[in-house]
Amino acid sequence: MSPVPFPKAATAPRVPSTALALQNFDMNYSLRFGEAWPSVRISLLSEQKYGALVNGFADVDHVAQELELVNAADFVSKSLQKVQHLQEGSVVEPAAREQSAPQEAPSEHQAAKLPPLSALVTPNIKCYTFPRGDITRFRSARPDVLGIFNYYLLDAASLLPVLALNIKPGDLVLDLCAAPGGKTLAILQTGLCGHLAANDISISRTKRLHQVLNSYVPKQVKETVCITSWDGRNWAELESGSFHKVLVDVPCTTDRHSVMEEDNNIFHKRRSKERQMLPMLQLQLLVAGILATMPGGEVVYSTCSLSQLQNEYVVERAIEIAETEYNIGTQVKDLSYFRTLFQNTFSFSSDCRLGELVLPHLTANFGPMYFCKLRRA
Ligand SMILES: C[S@@+](CC[C@H](N)C(=O)[O-])C[C@H]1O[C@@H](n2cnc3c(N)ncnc32)[C@H](O)[C@@H]1O
């Protein structure tokens, strides 16, 4: 009797998008990061750490007390204080010394090389994180009596591009790809913007931006934000050279999401064209950001990807295009002091050619987050 053949599958079994993402990263990032890749890889596949961005429109003292009770600390003020102590030559308090591993604390030599504190980062942003190695989760944010939520949970590394904007009083600020709005909310926490324009091409995601602002910001403050849903690539047709500070937080391969979630995964076979076109879209958005910046103003470009093709290469090409096609000179600003300032909280790559890169690490599982700042001549 001849064997009964197995029925043929109508289609080949589908490889999960997360597996495709991991294959792609193994191929590209093992070359880029060498021996460090297994550590970054396992961190990408492990639970991410969050930070609690304090909502200054809620009862801040109460929120701070609540977060300190669970042993979280505001990484921004803690880092700035430490540097200030070192710059002033005062002794770092024993408690502060105990909390940080000795090799991670900025040295006096490093602190001496930093610019004055006032010139360093966007002020008034408070974000609580648990110490290195502590994987406690924050409880969900809750509304106060007025219905305003007390903190916003986000990857704490995603605040670094906002801190790099270094917003000053009266600055006209554009957030070109703003939804769902974590960074817009952080920008609003400064209370310094003369005007804030928040744009995102996606209508559904812009709705989420509205919801975030409704839940976190009083109505009269929200009304000062100009929210639009334009294609950011064409911004210059609307307004050119009019902002002091521009944030270009582009769509990318969202590396952590891509290895963990099937839903909305850019490595889905159906989306391969879109994925291949990402660097081009990122480039067009960054060039648009440069054009939107006034002479002397600054643009911060950011992604949550480890890919050089989406990070350094995009920045380099945008600088070239601004120069050759628009006769606009730009200068890359040195952000290496971010490494000195925030090394207790984040694990930074030490060999990023342009800009800074936060690498996921099991003891500080934030990022990836790439950010680079350009000054328009
Ligand atoms: C990384 S997300 C932005 C996250 C946001 N900045 C935040 O912190 O919550 C990138 C955003 O770019 C938007 N986007 C994609 N193409 C765009 C375009 N051509 N113009 C403007 N926004 C675009 C996407 O809809 C997406 O919301």
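**Note on the predicted protein–ligand model**

1. Of the contacts (heavy atoms within 4.5 Å) in the protein with a separation of 6 or more, 77% join residues 24 or more positions apart. This is a predicted model, in which local features need pLDDT of at least 70 and side-chain atom pairs count only at pLDDT 80 or more, while totals for chains, interfaces and linings use all residues. Residues are numbered from 1 along each chain as its sequence is written, and side-chain values use heavy atoms, with hydrogens and water left out.

2. Overall form. The protein has 16 helices and 12 strands. These are DSSP runs numbered from the N terminus: helices are H or I with at least four residues, strands E with at least two. The C-alpha trace spans about 90 × 50 × 45 Å along its principal axes.

3. Burial and surface. Of the 377 residues, 51% are buried, meaning under 20% relative accessible area (1.4 Å probe, protein chains only). The protein exposes about 18,300 Å². Carbon and sulfur atoms supply 55% of that area. Accessible areas come from the Shrake-Rupley method with a 1.4 Å probe; for residues, only the protein chains shown count as cover.

4. Ligand shell. There are 22 residues around the ligand, each with a heavy atom within 4 Å of it. D200, R205, D231, G232 and D249 come nearest. By class, the shell holds 11 nonpolar, 5 polar and 6 charged residues. Here Asp, Glu, Lys and Arg count as charged; Ala, Val, Leu, Ile, Met, Phe, Trp, Tyr, Cys and Pro as nonpolar; the others, Gly among them, as polar.

5. Ligand atom pairs. A side-chain N or O atom of D231 is 2.8 Å from a ligand nitrogen. A backbone N or O atom of G181 lies 2.9 Å from a ligand oxygen. For a polar side-chain atom of K183, the distance to a ligand oxygen is 3.2 Å. The protein covers 88% of the 600 Å² of accessible area that the ligand has on its own. Helices α8 (182-189) and α14 (278-292) each give two or more residues to the shell.

6. Q189. This residue is in helix α8. Q189 is buried, at 10% relative accessible area. The Q189 side chain reaches the backbone nitrogen of G56 at 2.6 Å. Beyond neighbours within four places in sequence, Q189 contacts L53, V54, N55, G56, F57, N124 and I125.

Terms used. Polar contact = N/O pair within 3.5 Å; in protein donor to acceptor, adjacent residues only side chain to side chain. Buried < 20%, exposed > 50% of the residue type's maximum accessible area, 1.4 Å probe, protein only.
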